[in-house]
Protein chains: 2
Amino acid sequence: MTHIESVGETPIENRTSEADQPRDSLVALFDAPLKLDAGVELSPLQIAYKTYGKLNAQRSNAVLICQALTGDQHAASRNPVTGKGGWWDTLIGPGKPIDTERYFVISSNVLGSCMGTSGPASTDPSTGKPYGLTFPVVTIRDMVRAQAMLLDHLGIETLFAVAGGSMGGMQVLEWAASYPHRVFAALPIACATRHSAQNIAFHEVGRQAVMADPEWRSGRYLIEGTNPRRGLAVARMGAHITYLSDAALHRKFGRKFQDRSNPTFSFDADFEVESYLRHQGIAFVERFDANSYLYLTRAMDYFDLAADHDGILANAFKSSKTRFCVVSFTSDWLFPTSESRATVHSLNASGARVSFAEIVTDKGHDAFLLEEPELFGIVRGFLEGAATARGLDRAS
Amino acid sequence: MTHIESVGETPIENRTSEADQPRDSLVALFDAPLKLDAGVELSPLQIAYKTYGKLNAQRSNAVLICQALTGDQHAASRNPVTGKGGWWDTLIGPGKPIDTERYFVISSNVLGSCMGTSGPASTDPSTGKPYGLTFPVVTIRDMVRAQAMLLDHLGIETLFAVAGGSMGGMQVLEWAASYPHRVFAALPIACATRHSAQNIAFHEVGRQAVMADPEWRSGRYLIEGTNPRRGLAVARMGAHITYLSDAALHRKFGRKFQDRSNPTFSFDADFEVESYLRHQGIAFVERFDANSYLYLTRAMDYFDLAADHDGILANAFKSSKTRFCVVSFTSDWLFPTSESRATVHSLNASGARVSFAEIVTDKGHDAFLLEEPELFGIVRGFLEGAATARGLDRAS
């Protein structure tokens, strides 16, 4: 019987070393403590990041890319763990919509993740062992605070633009709310100003799948030499369904049987959609830390911009000078268009400058990561307009 | 930390005894083998069932109730395992839409389940031990074949009506397709003629959650004295989200915190929706067999009425004399109205007599089990009309 029990084992050394010493990345170390929403301080703080393109003399052409839940700093270059291309190779590069011949692109691994920025898989210098659950719970605002420290470190006062989808889009909105004077243009894609009850519910199932795995060991698996890979694979399989759409699954797989024309009358992966999902689960476990998955889903659940501003969402963007371009996808049921509309309404109520595009596609939430020419056109056009307004020369 | 690891343990004796000797139920035993779609024969076959009301002299007032995935024979009376009322108490009873003063209601536990009809938790008489995965994989058609054997046993040639929601609705459609002359009226609610790729995907995640639990022991947990309760609880939590709707979750829980006004910055159940889901998972494990969950989800995945009729759905209902009433709910995204419309179109193409109602509600798929007055009115009206056509006296 083939099921996800057959997931391969990754040596612990590999998993901790990437968190502490990320390959193919720049690393910034901060001794000054990062004050977290949880009321505690994190120190030291390490941030792993990549840059693409050149910072101009005026230091005015920086674009910050914010990663989604399972993304990383390798937005536009080969990921050393998977050996695959960058997760936003479609959008970022020479001549591409986020044009590295024109803009200086910065992509950092998010706080709480496992690819070189401090997170539960990092070594706690006070014990010499991985943090595990002793790592403080972080929020989207904490992630953005850490990114602001990185920008200070790089000597960049104002971002030309900040862009991201899903959890990355939440960071974009938080940037505009927390540091309005530091963001000229903002591109929040396929996201919301708060996580819905249904999305919290899906995240909770994923976390319970991880925590139900006896190898999770109350989060101490890196120390105890185990790996809750089956729980994490189940979590990823469930989440992956929410990234797609019923129509996309129907188009890709329908009810097609795997390598045969008839059912096997067993619990093997009879349908193609089953083996596809199993593959997604297994591949994910090879590159992601289970505790990081808990921390990042938790951060998304806690995200609620209105609650952070006296219950009035428009207050989050009061007197904002930032130019916004909000994008949603028709078949995205994780962050449906209604969420983006609510964002747009609050931006309108704040008197902010905002454009909004709903892209017709059957690709679901994942559309922001896929070949979606209409998205490319919108991002290119929005950034070109903003670049002109910002006075960025073509050859800067 | 409260998570589903804290699920209580149910003694194995309790779990196997209910499968073999169901309480508060009638039991029919068949020595004649049941030929299954998998190409094997099952013998002996045990069916646990309940009846409500009285069979009339003409034996013409029988209504068969088909259970959903996690239902049972206790449709309209106290469930001896949970101590709660019947799962369709809202619809079945004296003076209720399925009026037990008028109709003779039969509700049997479905083949493959764990409440007294043969299934993986039953004792295999050839070994004296629970079947586990040696129980043959069954289909919706097999379930209906078993029910037909029960009707033969009860001396009922023709059902006045057959009714059910979700997997129960699939059985209703299969009844009409397999035994058209034995069904006068059919009420398939919140279902489809085939399981979609997305629904197969959700089921597969649930199965993987069960099979990832080390206590599942390749399905031999009843023999080995373990219980994959954590895996099954995770499966139930994930499935439960699909039974509700985003709107219902928002209305019931929103982003309300549990017993406090602020986040705890931990992995406790901070949000009300999280503790609700955990409770659903834990309660389910107390009453359901993990292997039965695998078998019944598999049967739903395999269901494809068109495929069983040369790829042409209308052929399934060719020259059917049955009266159909198809019902869907606007917020049901597991079996959306589009699926019911497809059923109706094929019934129209077959020249069958069909009425269709889409009920406006935010309760999601679970609406068929809940207080939904419009559903009650439709079921009552449809059955009354059919009873008149059938010549059933009010006082029969």
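Reply: A:Arg59 counts as partly exposed because it has 14 C-beta neighbours inside 10 Å, and that class lies between buried, at 20 or more, and exposed, at 12 or fewer. The model is predicted. A:Arg59 sits in the loop between β4 and β5 (62–66) of chain A. Its phi is near 55 degrees, which is a positive value in a residue other than glycine. Most residues other than glycine have a negative phi, and most peptide bonds are trans.

With 14 other C-beta atoms within 10 Å, B:Asp24 is partly exposed.

In chain A the bond from A:Ser43 to A:Pro44 is cis, with omega near -5 degrees, and A:Pro44 belongs to the loop between β3 (41–42) and β4 (45–52). In chain B the bond from B:Ser43 to B:Pro44 is cis, with omega near -5 degrees; B:Pro44 lies in the loop between β3 (41–42) and β4 (45–52) of that chain.

One more loop residue is B:Tyr179, found between α3 (167–178) and β12 (183–189) of chain B. It has 18 C-beta neighbours inside 10 Å and therefore counts as partly exposed. B:Tyr179 is 103 residues away from B:Ala76 in sequence, and their C-alpha atoms are 25 Å apart.

In chain A, 45 residues are in contact with 45 residues of chain B. On the chain A side, α4 (197–212), α6 (229–243), α7 (246–252), α8 (272–285) and α9 (290–302) each supply at least two residues. The most comes from α4(A), with 12 residues. By type, the chain A side splits into 25 nonpolar, 9 polar and 11 charged residues.

Two packed helices are described by the angle between their axes and the distance between the axes. From α8(A) the contact uses A:Val273, A:Glu274 and A:Leu277; from α4(B) it uses B:Ala197, B:Ile200, B:Ala201, B:Glu204 and B:Val205. Sorted by type, these contact residues are 6 nonpolar, no polar and 2 charged.

An α-helix has 3.6 residues a turn, so residues three or four places apart point the same way. As a check on the helix itself, its 14 residues should span 20 Å at 1.5 Å a residue, and the end C-alpha atoms are 20 Å apart, which agrees.

In chain B, the buried residues of α8(B) include B:Val273, B:Glu274, B:Leu277 and B:Phe284. Their cover includes α4 of chain A, along with α6 (229–243) and α7 (246–252) of chain B.

The crossing of α4(A) past α9(A) is left-handed. On the α4(A) side the contact is made by A:Ile200, A:His203, A:Gly206, A:Arg207 and A:Val210, which meet A:Ala290, A:Tyr293, A:Leu294, A:Thr297, A:Met300 and A:Asp301 of α9(A). This contact divides into 6 nonpolar, 3 polar and 2 charged residues.

In chain B, α4(B) and α9(B) pack at about 160 degrees with their axes 10 Å apart. They are therefore roughly antiparallel, and their crossing is left-handed. Among the residues that meet are B:Ile200 and B:Arg207 of α4(B) and B:Tyr293 and B:Asp301 of α9(B). The contact of α4(B) with α9(B) comprises 6 nonpolar, 3 polar and 2 charged residues.

Terms used
Residues numbered from 1 in each chain as written. Chains lettered and ligands numbered in written order. Predicted model: local features only at pLDDT ≥ 70, side-chain atom pairs only at ≥ 80, totals over all residues. Contact = placed C-beta atoms within 7 Å. Helix = DSSP H or I, 4+ residues; strand = E, 2+ residues; numbered from the N terminus. Nonpolar A, V, L, I, M, F, W, Y, C, P; charged D, E, K, R; others polar. Left-handed = near helix turned anticlockwise from the far one by under 90°. Expected span 1.5 Å × (residues − 1). Axes fitted to C-alpha atoms, helices over the stretch in contact; angles between N-to-C directions. Parallel < 35°, antiparallel > 145°, perpendicular 65-115°, else oblique.
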